[in-house]
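Please read it alongside the sequence and the model.

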Amino acid sequence: MHDKNKSLKDLDKQSLIHPYTNLAAHQQSGPLVIERGDGIHVIDENGKSYIEGLAGLWSTSLGFSEPELAAAAAKQLEKLPAYHSFNGMATRPMIELADRLKDMVPISDGRVFFANSGSEINDTVVKLIWYANNILGCPEKKKIITRERSYHGVTVATASMTGLTACHDGFDLPLDRFLKCMCPDYYREGLPGESEEQFSERCADDLRTLIEREGANTIAAFYADPVIAGGGVVPPPAGYFERVQKILRENQILFVADEVICGFGRTGRVFACDTYDLRPDVITVAKALSSAYLPISAAVVAPAIWEPLITGSERYGPFAHGFTYSGHPVSAAVALRTLEIYEERSIFQHVQSVAAHFAKRIDSFAGHPMVGDVRRIGLLGGIEFSPNPATKAQFDKSLGVGAFCSQQCRNHGLIVRNIGDIVAFCPPLIISELEIDEMFRRFETALAETWEMVRANA
Ligand SMILES: Cc1ncc(COP(=O)(O)O)c(C=O)c1O
């Protein structure tokens, strides 16, 4: 029975299992309840306003109060609130969205499959590739390579692809068939005196060695989030993808670009594939596809993959994969309107124009005595803490420096994400230069308090 006398916080603790939350600590701390949004801000149940420095979960590109998206959803809800796409059924928004998406990506003659989340769509792509390889007579070519610290989701397959041990520990994962190569984090993994290009060469060697060890004939695909975001904001080092793509081509291994965070302007171009000159066989998108207003994700796949699927129906019968909500008409209508707004308001050009200011502001923290590294591209940035930037030493984990800083940010009205001792910034794409200033002003105050805490504990 709903008890009206209980606070939302108490009801939360007594009724929910939160995703990605320390469930033991949550029993004490309870939730931060967000009630409404306004531009780049969200407002909690007590009326306190926060700049959403991570755009929710790296996703709410158009901010938290875009009336056009609410209107697009309402219009579709009134016309046809739900329908499916099994057995050849379709709806107008779904078809129009697929048509638009396939024209946006750097894949020629692609076909689009819809799902509801990044995890589902990445999981789907693994299945499409396995299925295609069976049809193509390569049943042994099934292994999937991803990078340490990459993030691709949490389903059984995609958690196996994700290169973060937290997603494996206690879950009996990863499954075999899922292999890892080196994380291209030049700051953490680069050797003393090693140039960025030399480091990229070493990463490429690591990939080549893995392929040789396993046998190219057993490896189906290499999967990369072009900028590793959830694993600590790691843009690719110079020359990295050039070398990787060459190895993949030589070994006939498919390349999947997971653009779930990078897609739709985050790196300054429409896709990170444009920013880094990538030529993938598959692109997966989610999050900013609908500004995260409704759940929807998609994969655009090259003919090398979709053509065998058609043959597959002759061998196996109807293609037996799909979700009740694949291409849901309301989500698709909102996504379609989101893509129109990107164009009408020149959102990607806006990102390019404010990215220089974002860069200037975030780079200004580079000289701080506890900042080891600053990384950024477009409107995506990360600041890595170190007790001794000269040696790149790492803080004792028990000190919880990143978590402390993140909490201080919150106290000052800024939501950011700490990934260990790395603080990530990924604001809504509509952020203005003045708002960027305010975001970093709040961070600066939190950083000063964190530095004070560190010195008090030294
Ligand atoms: C690059 C990348 N791929 C996939 C996912 C999984 O998306 P979802 O949380 O919607 O399942 C994420 C989530 O943050 C992501 O960052």
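A polar contact is a pair of N or O atoms within 3.5 Å; within protein, one must be able to donate a hydrogen and the other to accept it, and residues adjacent in sequence count only if both atoms are side-chain atoms. The model is predicted, so that local features need pLDDT of at least 70 and side-chain atom pairs count only at pLDDT 80 or more, while totals for chains, interfaces and linings use all residues. Residues are numbered from 1 along each chain as its sequence is written, and side-chain values use heavy atoms, with hydrogens and water left out.

**Ligand contacts**

- A backbone N or O atom of Gly 118 lies 2.9 Å from an oxygen atom of the ligand.
- The side chain of Ser 119 places an N or O atom 2.5 Å from a ligand oxygen atom, and for the side chain of Lys 287 the corresponding distance is 2.9 Å.

**Ligand shell**

- Residues near the ligand (a heavy atom within 4 Å) include Asn 122, Tyr 151, His 152, Asp 225 and Asp 258.
- Helix H6 (residues 118-135) supplies three residues, the largest share of this shell; helices are DSSP runs of H or I with at least four residues, strands runs of E with at least two, numbered from the N terminus.

**Ser 291**

- Ser 291 sits in the loop between strand E9 (282-285) and strand E10 (297-301).
- The side chain of Ser 291 reaches the backbone nitrogen of Leu 62 at 2.9 Å.
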